[in-house]
Amino acid sequence: MLIKSKTPATSSTSYRLLAGSVLTVFVVFFVLPVLWLVLAATKTDQQLVHGHPLSFGSFQALLDNWDSLTGFQDGAILLWLGNSALYAVISLVITLGVSVPAGYALAMTEFRGRRTLLIATLIVMLMPTATLVVPLFLEINAARLIGTMWSIVLPYAFYPFGVYLTYIYFTTAVPKDLLAAARMDGCSEFGVFRHVALPLATPVIALVGFFSFVANWTNYFLPYVMLPESDQMPIQVGVGNLLSSVPQFNPTAGSLAVERPQLALATLVAITPVLVVFLFAQRFLVSGMLAGATKE
Amino acid sequence: MSVTSSPAGPGRRPRGAGQGWAGPAFVAGYTILLVAFGVLPIGYAVYFAFTDAGGTFTGFANFVGTAQDFRFLDAVGHVAVYLLFWLVSLVVFVVALALLLHRLASGPVSRTLRFLYYIPGALAGAASVLVWLFMLDPTVSPVRSLLSGMGFDTFGQVIAPGNLAVLFTIIAFWTGAGGWIVVMYGALNNIPQDVLEAARIDGAGAWKTAWHVQIPMLRKWIVYMVILAFAGGVQLFVEPQLLSLASVGVAGRDYSLNQLTYDFAFQMNNINGAAAVSVELLVVSASVAGFFVARSGFFDAD
């Protein structure tokens, strides 16, 4: 290695100062917009434009914004939230139901086609899913499922990343000897999975659940194409819809105008479930994201 | 770990009673989904890309036709410039911030900073675009003085077509960088202490240690990040689409290639052209991923 020369001790204070300010600038960059968004929901449109950007409005304004937001198209936002929850949860259940056993089998058993399946999973993981939206539309259309929730639930349920995570987890965290011992004790193959592997897999189940939920909840393009009717939209497409009813952004917005603080509130409402799930899953996140890094 | 990967050929008895059917049974559900929503749509796209509306084979006519669309080259250029900005900023800032965090802050400070950086990750999808529409609108933005200092007084000036690649980079970085900083930080933690100690004894300062020791050891993670960020960047859709809804008519609906496929398929009723563009995007993404994987030895066991 080409390491020589010494760093003079005097430069270390100014280095720390510079580095510290870089870290702080990025805190502002990452946090300020979120803070602004939370405060914006408590203001009237007047306050938003004329008040200090980081001032708190009033609880009354927040309530008023909530009332007019839920009043938009007779509570459309609540319907969209319910749709999102329905789609995300059903596909999450299917994802876990298929990817945990699959990851387990890929890691712990030998069978024909195992390698092919692993390679296919890696390739599909690297493929941009949005480029598949039009082909998926054609396929779903051929199956006559357009406009039904299955047109997005089933594609969401296909989650190769979850299989890959489970596979890595089982290869690194669960010793094969343990399973062999259970088999010796007369456990059936399903029994080994059910009574030995599954209880050990809690962290990876939480992790796959989190990633899949967030991916489903935040997807825009697929439902945008598959579910064009307003009463079927998930919240992501719904807030896009709200956006085009804000006169300042879209001058052709009609009489059913939405004000900007209400749009800010809608955005907050849209991300709340992700934040809640994030808080619960947080302790699994760091270790799980690094499942591959700690392989040695 | 002693891996006994016995090729389970037809003539070999698998180890363990009943294990023969267990593997295939456990992967059956996933395999069905993989075929239905991974393999089949690709096959379908290829079929449509090489045929016309009546199902007749047309060779490369759809590819040539879409490439001659007056918006196609512009969209390719837009996505290419955006990818350049996005990948460079991601690699430079994520690695730099992870290194700084790792060196400067310890314990609760570092944990808090990583959490703060991660927060925007919850605003993926449409939410992040909406937030930035506000940030970039001088009438309501908390940084309106910064915007006007740069000569932007109206929303229309900020989102002028020439600025879009930078704006989409900022949005994508804001949403995605935090997660990668957490990953890189964890990878830095995995570098054995004695390696860093040795570098320090050899007289290497922060800069040299980072450049000659830490960054080379992060290489696989950086490659992994670039591959996924590239795959994500190529499919740019929600950002320009929402912006076009909100742009007071400034931004068009044909900025990115995916918007163009949407337009071909659902506005111009040219499904075969849309499939051709989808196939091109898939080929480009797969080739770039393959290139990086091969060059970096990403899947080599070390």
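In the predicted model, residues 155–183 of chain B form a span that is 83% helix and 0% strand. The end C-alpha atoms of this span lie 35 Å apart. The span is one of those to which UniProt, in an unreviewed entry, assigns the feature "transmembrane region" in chain B; the others in that record are residues 21–50, 79–101, 113–135, 221–238 and 271–294. Over residues 271–294 of chain B, the chain is 100% helix and 0% strand, with the end C-alpha atoms 34 Å apart.

Two helix pairs of chain B were examined for their packing geometry. Helix α3 (residues 72–104) and helix α8 (residues 164–189) of chain B pack at an angle of about 35°, and their axes are 8 Å apart. The contact of α3(B) with α8(B) comprises 22 nonpolar and four polar residues, with no charged residues. The crossing of α3(B) and α8(B) is right-handed.

In the second pair, the axes of helix α13 (residues 257–267) and helix α14 (residues 271–296) of chain B come within 7 Å and cross at roughly 160°. Because this angle is over 145 degrees, α13(B) is roughly antiparallel to α14(B). The crossing of α13(B) and α14(B) is left-handed. The loop between α13 and α14 of chain B contains B:N269. This residue, which is not a glycine, has a positive phi, near 55°. B:N269 has a relative accessibility of 66% and therefore counts as exposed, the cut-off for that class being over 50%.

Within helix α14 of chain B lies B:F291. At 47% relative accessibility, B:F291 counts as partly exposed. B:F291 and B:R253 are 38 residues apart along the chain, and their C-alpha atoms are separated by 32 Å.

Helix α5 (residues 126–135) of chain B is mostly covered, with 10 of its 10 residues buried. The buried residues of α5(B) are B:A126, B:A127, B:S128, B:V129, B:L130, B:V131, B:W132, B:L133, B:F134 and B:M135.

For chain A, the unreviewed UniProt entry lists "transmembrane region" at residues 85–105, 117–138, 150–170, 191–215 and 263–281. Residues 117–138 of chain A are 73% helix and 0% strand, and the end C-alpha atoms of the span lie 25 Å apart. Residues 191–215 of chain A are 96% helix and 0% strand, with a separation of 32 Å between the end C-alpha atoms.

Helix α10 of chain A comprises the 12 residues 189–200. The buried residues in α10(A) include A:E189, A:G191, A:V192, A:F193, A:V196 and A:A197. An α-helix has 3.6 residues a turn, so residues three or four places apart point the same way.

A positive phi also occurs in chain A, at A:D74, where the angle is about 55° although the residue is not a glycine. Most residues other than glycine have a negative phi. A:D74 lies in the loop between α3 (59–71) and α4 (76–108) of chain A. With a relative accessibility of 77%, A:D74 counts as exposed.

Terms used:
Residues are numbered from 1 along each chain as its sequence is written. Chains are lettered from A and ligands numbered from 1 in the order in which they are written. This is a predicted model: local features need pLDDT of at least 70, side-chain atom pairs count only at pLDDT 80 or more; totals for chains, interfaces and linings use all residues. Side-chain values use heavy atoms; hydrogens and water are left out. Helices (H or I, at least four residues) and strands (E, at least two) are DSSP runs, numbered from the N terminus. The expected span of a helix is 1.5 Å times one less than its number of residues. Buried means under 20% relative accessible area, exposed over 50%, partly exposed in between (1.4 Å probe, protein chains only). Axes are lines fitted to C-alpha atoms, for helices over the stretch in contact, and angles run from 0 to 180 degrees between N-to-C directions. A crossing is left-handed if the near helix is turned anticlockwise from the far one by less than a right angle, and right-handed if clockwise. Ala, Val, Leu, Ile, Met, Phe, Trp, Tyr, Cys and Pro count as nonpolar, Asp, Glu, Lys and Arg as charged, and the others, Gly among them, as polar. UniProt positions are given in the numbering used here, feature names are shortened, and annotations may be inferred rather than shown by experiment. Angles under 35 degrees count as roughly parallel, over 145 as roughly antiparallel, 65 to 115 as roughly perpendicular and the rest as oblique.
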